[in-house]
Amino acid sequence: YVRFHLISPLIQQSAENIVLFDTFVNILSHNLGEPAYEADVAQLEYKLVAGEHGLVIRVKGFNHKLPLLFQLIIDYLSDFSFTPAVFEMITEQLKKTYFNILIKPETLAKDVRLLILEHGRWSMLDKYQTLMNGLSIESLSSFVKAFKSQLFVEGLVQGNFTS
């Protein structure tokens, strides 16, 4: 089991940054779909989660091939690229996801409660409005570059691994 948390103070600076971060993580997951398929068949699991303060990379499975899967994820992260078609597809999916959160009373109530309790939190409505106003491919590219330049990493490795 390997878990790394890539923390960046950049994410919480604005609602636009949070939306750009969600877009980035979704495109990264999309890009990994095909190359990581063989790992999935070999019973290796991975998950990329857009946390509040950064990207959480979770990998688990048999230890002899786990580093290869982790390296694949890191390679795709460091050489991040996307096409305009993928960008459009992911932003449309995010619009639907945000909208679905906004129309459910229980998730909206949770969002409002957390907005009151947590300092510096951006509401789902802020994120949705930012996304509806439109994102540019250039803004995503510059965000990803800035994100990668301002990272702090925390990690946990459990299991049959040598140092």
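Predicted model: local features only at pLDDT ≥ 70, side-chain atom pairs only at ≥ 80, totals over all residues.
Helices here (H or I, at least four residues) and strands (E, at least two) are DSSP runs, numbered from the N terminus. Residues are numbered from 1 along each chain as its sequence is written, and side-chain values use heavy atoms, with hydrogens and water left out.

**The annotated span**
- An unreviewed UniProt entry puts "domain: Peptidase M16 middle/third" on residues 1–129; positions follow the numbering used here, the feature name is shortened, and such annotations may be inferred rather than shown by experiment.
- Residues 1–129 are 58% helix and 15% strand, with 38 Å between the end C-alpha atoms.

**α1 against α3**
- Helix α1 (residues 15–32) and helix α3 (residues 66–78) have axes that come within 10 Å and cross at roughly 125°. Axes are lines fitted to C-alpha atoms, for helices over the stretch in contact, and angles run from 0 to 180 degrees between N-to-C directions.
- That angle makes α1 and α3 oblique to each other (under 35 degrees is roughly parallel, over 145 roughly antiparallel, 65 to 115 roughly perpendicular, and the rest oblique).
- On the α1 side, F24, L28, N31 and L32 meet L72, I73, Y76 and L77 of α3; contact means heavy atoms within 4.5 Å.
- Sorted by class, the α1 and α3 contact residues come out as seven nonpolar, one polar and no charged. Ala, Val, Leu, Ile, Met, Phe, Trp, Tyr, Cys and Pro count as nonpolar, Asp, Glu, Lys and Arg as charged, and the others, Gly among them, as polar.

**α1 against α6**
- The axes of α1 and helix α6 (residues 124–133) come within 9 Å, crossing at roughly 75°.
- So α1 runs roughly perpendicular to α6.
- A15, E16, I18 and V19 from α1 touch D126, K127, T130 and L131 from α6.
- This α1 and α6 contact has four nonpolar, one polar and three charged residues.

**Two residues to look at**
- N17 counts as buried, because its relative accessibility is 12% (buried is under 20% relative accessible area, exposed over 50%, partly exposed in between, with a 1.4 Å probe and protein chains only).
- Skip the neighbours within four places in sequence, and N17 is in contact with L10, I11 and F143.
- V112 belongs to helix α5 (residues 105–117) and, at 41% relative accessibility, counts as partly exposed.
- V112 and V86 are 26 residues apart along the chain, and their C-alpha atoms are separated by 31 Å.
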